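Colleague: Thanks for making time for this. Could we go through the model together, one question at a time?

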Amino acid sequence: MLGYVLRRLLATIPTLIAVSMAIFLMLRMIPGDPALLMAGEDARPEVVESLRRQWGLTEPLPVQYLLFMRNVLEGNLGVSIRSGYSVSYEISLRIPHTLRLAFVSMIIAIAFGLLAGIIASTRPYSLADNLSMLVALIGVSAPVFWTGLILMWIFAVKLGWLPAVGAGTLQHLVLPSIALAGFTTPVIARQTRSSMLEVLRQDFIRTARSKGLSEKAIVYGHAVRNALIPVVTVVGIVFGRLLGGSIVTETVFAYPGIGKLLIDGIFARDYPIIQGTVLIYALLFMLLNLIVDVTYAYIDPRIHYE
Amino acid sequence: MNQKRVIYLKFRRNRLAVAGSIVLGFLVICAIFADYLAPYDPLQADLANNLAPPSPTHTLGTDELGRDLLSRVIHGARISLQLGMITVGTALAFGILIGAPAGYYGGRLDHVVMRLADIMLSFPTLLLAIMIVAILGPGLTNAMLAVGISLIPEYARLTRSTFLYLRELDFVQAAKMIGASDVRIIFRHMLPNSLAPLIIQSTLNVATAILSAAALGFLGLGAQPPIPEWGAMLSKGRVYLMVAPHITLYPGLAIMISVLSLNMIGDGLRDALDPRMT
């Protein structure tokens, strides 16, 4: 098991390097002098020069990349043009918010998704099943910024129960996480249902039934654990969509996370911020995938023995 | 009974899929005949009459510049559908171009291609699109490019795995043995047999493309005003949520209905093309 984790970790290193190269190239592909881009249009010439030295912007590309990596590994992601604070600082201020939002949404999505999927699979083709799958289809089709705005309109503007923008309290988390859960829960629910249907068809379930086990014991004790395996994979995919969706959701709710930082940065042409936040997102996503893969390996005994 | 007819009949039995097809057909008509169906010019401002709620003269009301919302939504259908098809079409073409040789020849080429796809897939899809637009600058064409590029790795992967499987089959081996050129084998023999998953994926991807482009539009990174793209309309409407919620409601509803119909069709196709006997 540990061997698998280590091998998996090792496998991410080349991808990490490739991703960092992609992000590095991204900034240098924008037309214009990168030093000016990083310093801002009206920066003083000394600042521009020092940036040129720090990031080696006059050197050939491979050297630039190495300097870039050295800076990144030291935690230096540059300085925000807009605020003047270091990019790492700006990110550190906001990443707790984004993580909180992401995890709360994910928990809601997994909890409700699993529940709905299991219940639907135990009453296949019934009204409950068809209805919930239809709702799931609608949920996945509605754009997250629209659901967010509608939720905001109903609960914040019309009813005044919850705050519309900002962060800080638990109430602030409610609407954005529900909006995000809106398009992630259905995916988990559908996968759980189809996975459960596969499992419930199998012989060992028949055996359990003929042994006289209660339906509940069968479903929750035997079926669910086996059905969970493909669901874990789907959770990984969903997390990616969640991260993407969180960028939009943070914009809708003016929620001060790194998504909003990224978008504000794009409009302000704050390239150090753009580069830094994209890097963090990529790292976050890869870390998440790693955790999902390890969880998958952990619960699927067939992988254990390889 | 021939295979195509079986598939068609299976599809037709799925009520959701049929409903989706009807709705999509309606949307396509809106898109093609937008100029005739829209009661007003979508770009015609009428500032005296702005933010008006739905009324007999303006079925869905007017937006912040007094433009008729219904006309803008109808024209938005044209933009979104065009966008969806062009984006997916190009992603499909490039995905096949990259994935087919990877699956067919295997070895080094396969490795390189899969690595590239993995790198692109290390980013959440929307983030990738946002990154590309951040480099290229906002605009409808750049948004299309961005969304298109973000869809390519999926197609490359799908084509590659299908080809890896097909290449071992007898009919491919036979073609090789009689000396057919690789290009001929790929296009004349293997590709037609890999259509099913590609078609399903494409239908679902048009839905995703519309959503992603709308998201870019909402963020202000996609279609720019005065283009009546649904996401961009929502973005403008957001400011007026308290006084004129209809500007936010209807374009969003249009997006949802379009995407829903495509998802229903995609699901129906998936079930109809499923080789299982039950």
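Modeller: Gladly. Helices here are DSSP runs of H or I with at least four residues, strands are runs of E with at least two, and both are numbered from the N terminus. Please keep in mind that this is a predicted model.

Colleague: What share of the contacts in chain B with a separation of 6 or more comes from residues 24 or more positions apart?

Modeller: Chain B has 278 residues, and 48% of them count as buried. For the contacts you ask about, residues 24 or more positions apart account for 69%.

Colleague: Which helix gives the most to the side of chain B that touches chain A?

Modeller: In all, 30 residues of chain B are in contact with 33 residues of chain A. On the chain B side, α5, α6, α10, α11 and α12 each supply at least two residues. That side divides into 23 nonpolar, five polar and two charged residues. With eight residues, the helix that gives the most is α12(B).

Colleague: Turning to chain A, how are α5(A) and α12(A) placed relative to each other?

Modeller: Their axes come within 10 Å and cross at roughly 50 degrees, and the crossing is right-handed. In α5(A), A:Val87, A:Glu90, A:Ile91 and A:Ile95 meet A:Pro272, A:Ile273, A:Gly276, A:Thr277 and A:Ile280 of α12(A). By class, this contact has six nonpolar, two polar and one charged residues. The two helices, α5(A) and α12(A), are therefore oblique to each other.

Colleague: Now some backbone details: does A:Tyr125 count as buried or exposed?

Modeller: A:Tyr125 sits in the loop between α5 and α6 of chain A. Its phi is positive, near 65 degrees, in a residue other than glycine. Because A:Tyr125 has 9 C-beta neighbours inside 10 Å, it counts as exposed.

Colleague: And what does B:Leu51 count as?

Modeller: B:Leu51 is in the loop between α3 and α4 of chain B, and its phi is near 55 degrees, again positive in a residue other than glycine. B:Leu51 has 16 C-beta neighbours inside 10 Å, so it counts as partly exposed.

Colleague: Which residue does a cis peptide bond join to B:Pro225?

Modeller: Most peptide bonds are trans. Here omega is about 5 degrees.

Colleague: Last one: how far apart in space are A:Ser210 and A:Leu180?

Modeller: A:Ser210 lies in helix α9 of chain A and counts as exposed, because it has 8 C-beta neighbours inside 10 Å. A:Ser210 and A:Leu180 are 30 residues apart in sequence, and their C-alpha to C-alpha distance is 42 Å.

Note on methods
Residues numbered from 1 in each chain as written. Chains lettered and ligands numbered in written order. Predicted model: local features only at pLDDT ≥ 70, side-chain atom pairs only at ≥ 80, totals over all residues. Buried ≥ 20, exposed ≤ 12 C-beta atoms within 10 Å, placed from the backbone. Contact = placed C-beta atoms within 7 Å. Nonpolar A, V, L, I, M, F, W, Y, C, P; charged D, E, K, R; others polar. Axes fitted to C-alpha atoms, helices over the stretch in contact; angles between N-to-C directions. Parallel < 35°, antiparallel > 145°, perpendicular 65-115°, else oblique. Left-handed = near helix turned anticlockwise from the far one by under 90°.
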